[in-house]
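Visitor: Please put the model on screen. I would like to go through it step by step.
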Amino acid sequence: MSGRAYVMAFESTHAAMAAYHALSKIAPAMIPTPKRISAGCGMSLRFSAKEEKDAVSLVEGIGQIQGLASLYEESEKDYRLIKVL
């Protein structure tokens, strides 16, 4: 994975699947929602982006999907909340 790692958490499985398909050109990975992230759904998406603004643009580009919860930047030991959707 090149760039920084980001995780999108969701309120529903439907939203996770819709976002997965919407972001198919960047090939996100479907992962279990990390325990340190609170979300209504047990599935999250992990993807890489060069910079934070690029990750936010990707997420805002699929903002019409109901049930998007939040975007986090992943580091070695933690997750930093970037944006609540």
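Visitor: Which strands do the buried residues of H1 pack against?

Guide: This is a predicted model. Helix H1 spans residues 13-22. Its buried residues pack against S1 (4-10), S2 (29-32), S3 (43-49) and S4.

Visitor: Which residues of H1 are buried, and on which side of the helix do they lie?

Guide: Buried means under 20% relative accessible area. In H1, Ala-15, Ala-16 and Ala-19 are buried. They cover an arc of only 100 degrees around the axis, so they lie on the same side of H1.

Visitor: Which exposed residues does the face of H1 turned away from the buried side carry?

Guide: An α-helix has 3.6 residues a turn, so residues three or four places apart point the same way. Exposed means over 50% relative accessible area. On the face of H1 turned away from its buried side, the exposed residues are His-14 and His-21.

Visitor: What is the order of the strands in the sheet, and which stand at the edges?

Guide: The sheet is open, with 5 strands in antiparallel pairing. Their order is S2-S3-S1-S4-S5. Two strands have a single partner each, so one side of each is left without a neighbour in the sheet; these edge strands are S2 and S5.

Visitor: How many degrees are neighbouring strands turned against each other, and what angle does H1 make with S3?

Guide: Direction ignored, neighbouring strands of this sheet are turned by 35 degrees on average. H1 packs on the sheet and touches S1, S2, S3 and S4. The direction of H1 makes an angle with that of S3 of about 30 degrees.

Visitor: What pattern does the chain follow along the sequence?

Guide: The chain has 2 helices and 5 strands. Read along the sequence, they give the pattern β-α-β-β-α-β-β.

Visitor: How many residues join S4 to S5, and which residue is the bridge partner of Glu-74?

Guide: S4 (residues 68-74) and S5 (residues 79-84) pair in the antiparallel sense over 5 bridges. A hairpin joins S4 to S5 through 4 residues. In S5, the bridge partner of Glu-74 is Tyr-79.

Visitor: Is Val-84 buried or exposed, and which residues is it in contact with beyond four places in sequence?

Guide: Val-84 sits in strand S5, and Ser-70 stands opposite Val-84. With a relative accessible area of 59%, Val-84 is exposed. Leaving aside neighbours within four places in sequence, the contacts of Val-84 are Ala-69 and Ser-70.

Visitor: How far is Val-84 from Leu-71 in space?

Guide: In sequence, Val-84 and Leu-71 are 13 residues apart. C-alpha to C-alpha, their distance in space is 6.5 Å.

Visitor: Where is Ala-27, and what is its phi?

Guide: Ala-27 lies in the loop between H1 and S2. At 59% relative accessibility, Ala-27 counts as exposed. Most residues other than glycine have a negative phi. In Ala-27 phi is positive, near 55 degrees.

Visitor: What radius of gyration does the chain have?

Guide: The C-alpha atoms fill a box of roughly 25 × 25 × 20 Å along the principal axes. For 85 residues, a compact globule would have a radius of gyration near 12 Å. The value for the chain agrees with that: 11 Å.

Visitor: What percentage of contacts between residues at least 6 apart join residues at least 24 apart?

Guide: Of the 85 residues, 36% count as buried. Among contacts in the chain between residues at least 6 apart in sequence, the share that joins residues at least 24 apart is 65%.

Technical notes: Residues numbered from 1 in each chain as written. Predicted model: local features only at pLDDT ≥ 70, side-chain atom pairs only at ≥ 80, totals over all residues. Heavy atoms only, no water. Pairing = 2+ DSSP bridges. Buried < 20%, exposed > 50% of the residue type's maximum accessible area, 1.4 Å probe, protein only. Arc of directions from axis to C-beta. Contact = heavy atoms within 4.5 Å. Axes fitted to C-alpha atoms, helices over the stretch in contact; angles between N-to-C directions. Rg over C-alpha atoms; globule rule 2.2 N^0.38 Å.
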